Amino acid sequence: MFQPALWSNLLLVASAGLLGYATARDLQGLMIAAALLLTALTLGRRGPLRWAGPAGYAAAFVVALVLPGPATTLFDLLAALLTLLTLGVMTLSGEANARELTWQRNTVAALRAGSERLADARDAEAIIRAGISILDKLQVAPNLAFVAYRRGTPHILAATGAFDAFLERPIHPSDNDSRSVQADHWVAEEVLALLDKAQRRVFHVAPVYGRASNHLGVIILTRPSQVPFDEDEKGVVGAFARLLGAQLGQWHAIRDLRDANDLTLRSLGAALERRDDDTGGHTTRVVGMSVRLARRLGWDEDQVKALRWGAYLHDLGKLAIPDDVLHKRGPLNPDERRVIQTHTVIGYDMLQDLHFLPAETLDLVRYHHERWDGTGYPSGLRGQNIPDTARLFTLIDVFDALTNARPYKPAWTRDRALSEIRSQAGRQFDPQYVEAFLRMMAEHDDAHLVS
């Protein structure tokens, strides 16, 4: 079975042969028909072949003039010129359509690849790199730069082509003028001045805005050629600038919301601490040590965030524990112990309506008194069945409780507490977490000795 490209090539050869036959026979009508077919078959082709129709007809007409036959009239010459003009217009139109089709295909491909990268982006820098990658795939310009502001100073945060050598470079006014750092015109001027003139013969600047017209930066594109950016290209660049701004604006909004959540939960943890910890500082200490250990273990930032939020809220359920039980000096009797043990489930239930809390946070609140050997509460979970956040946090919580005074006990020394943690590996605590914790504490001690 013939492929479409093979059929097209066969027709191309046939039309060229037909043109030669018509020339030899001086059949003007057939020459025009063969030239039209040849032009139609080469529309959108690259290289000299796209001019095969007009050039073939011109050559055929000249050959027909010198061959013996009827004299050529003025009407014949006018018909030949009109035919050449028609073939030329067809060729140029086909070339423009081919460029437009290529542009559309590149746009679709860039959108497909870029949307995947934007969806996977987890921070502002990843969003910016994805946006510049989209424009790079469109091949609008070889040199691209995205300039945004860090602590009030413009920086090139993403770049391609000649701008790549200036990645992460801060931009300052060359004349030391105290101009606004968010004035796109001078920022663009300073960035363009970084390139040789040969690399920036033509340029285009597109501002990037987030929500509520919040200015986020500029995209700068340059070409070494003298071909100006047309309206379609400017329109697409502007559309991508709006898309990039929307993504960055959404990320900033999520970050602000996350920061607000974090601050709220931290404040709630501090308030809970006031009721349960006379010495103060427990929440701050366990949050800091938990986060350090989690990062040492290679946890990703989402897991660390869930751990941190759980550490803030771990004793929320103690709000429902009577003061005479919570602040009793001395050991608890069995009934009082059962009451105090309910705080984990009570805290878990109280947090059910906070839908932004990840499951790992709720797991920590509910299960941070489980034990590796299965003798903990509230569910008697054992080993790896205890969620990671709860398994890590219980180790930190116990260490802090041992090294600080409580109504029922004085503070232990650091060495005594570490010895107890070591002895409980495989019983109360995950042995791997104990090992990592002890190494972390030893390195902390070494750092203090060195300093």
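Visitor: Thanks! F399 and F437: buried or exposed?
Guide: Both F399 and F437 are buried. Keep in mind that this is a predicted model.

Visitor: What kind of aromatic pair do F399 and F437 form?
Guide: F399 and F437 make an edge-to-face pair, with 5.3 Å centre to centre and 70° between the planes. F399 belongs to helix 14 and F437 to helix 16, so the pair ties together parts that are 38 residues apart in sequence.

Visitor: And what else does F399 touch?
Guide: Not counting residues up to four places away in sequence, F399 touches M289, R414, A417, L418, I421, F437 and M441.

Visitor: Which residues have the most contacts inside the largest nonpolar core?
Guide: Those are L392, L395, I396, F399 and F437, in a core of 37 residues. Helices 8, 9, 13, 14, 15 and 16 each supply at least two residues of this core.

Visitor: Which helix gives the most to this core?
Guide: Helix 16 does, with seven residues. Apart from this core lies another one, of 28 residues, including I132, L157, A206 and L244.

Visitor: Back to rings. How many aromatic pairs does a search of the whole structure find?
Guide: The search finds two. Besides F399 and F437, W309 and F356 form an edge-to-face pair, at 5.6 Å centre to centre and with 85° between the planes.

Visitor: Where do W309 and F356 lie?
Guide: W309 is in helix 9, while F356 is in the loop between helix 12 and helix 13, so this pair ties together parts that are 47 residues apart in sequence. W309 is buried, with a relative accessible area of 2%, whereas F356 is partly exposed at 37%.

Visitor: Let's switch to strands. Why is strand 1 said to be largely enclosed?
Guide: Strand 1 covers residues 143-150, and seven of its eight residues are buried, so the rest of the structure largely encloses it.

Visitor: How many bridges join strand 1 to strand 2?
Guide: Seven bridges join them, and the two strands run antiparallel. Within that pairing, V147 stands opposite I156 in strand 2. Strand 1 and strand 2 form a hairpin with two residues between them, and R151 in the turn has a positive phi of about 50°.

Visitor: What about strand 1 and strand 4, how many bridges there?
Guide: Five bridges join strand 1 to strand 4 (residues 215-223), and these strands run antiparallel. Here L144 stands opposite L221 in strand 4.

Visitor: One more residue: T160. Which strand is T160 in?
Guide: T160 is in strand 2, which spans residues 153-160.

Visitor: Why does T160 count as buried?
Guide: T160 has a relative accessible area of 13%, and buried means under 20%, so T160 qualifies.

Visitor: What is T160 in contact with, leaving aside neighbours within four places in sequence?
Guide: T160 is in contact with I132, D136, P142, N143 and L144.

Note on methods: Residues numbered from 1 in each chain as written. Predicted model: local features only at pLDDT ≥ 70, side-chain atom pairs only at ≥ 80, totals over all residues. Heavy atoms only, no water. Helix = DSSP H or I, 4+ residues; strand = E, 2+ residues; numbered from the N terminus. Buried < 20%, exposed > 50% of the residue type's maximum accessible area, 1.4 Å probe, protein only. Contact = heavy atoms within 4.5 Å. Core = buried A, V, L, I, M, F, W, Y, C linked by side-chain atoms within 4.5 Å. Pairing = 2+ DSSP bridges. Phe/Tyr/Trp six-rings, centres within 6.5 Å; stacked < 30°, edge-to-face > 60°.
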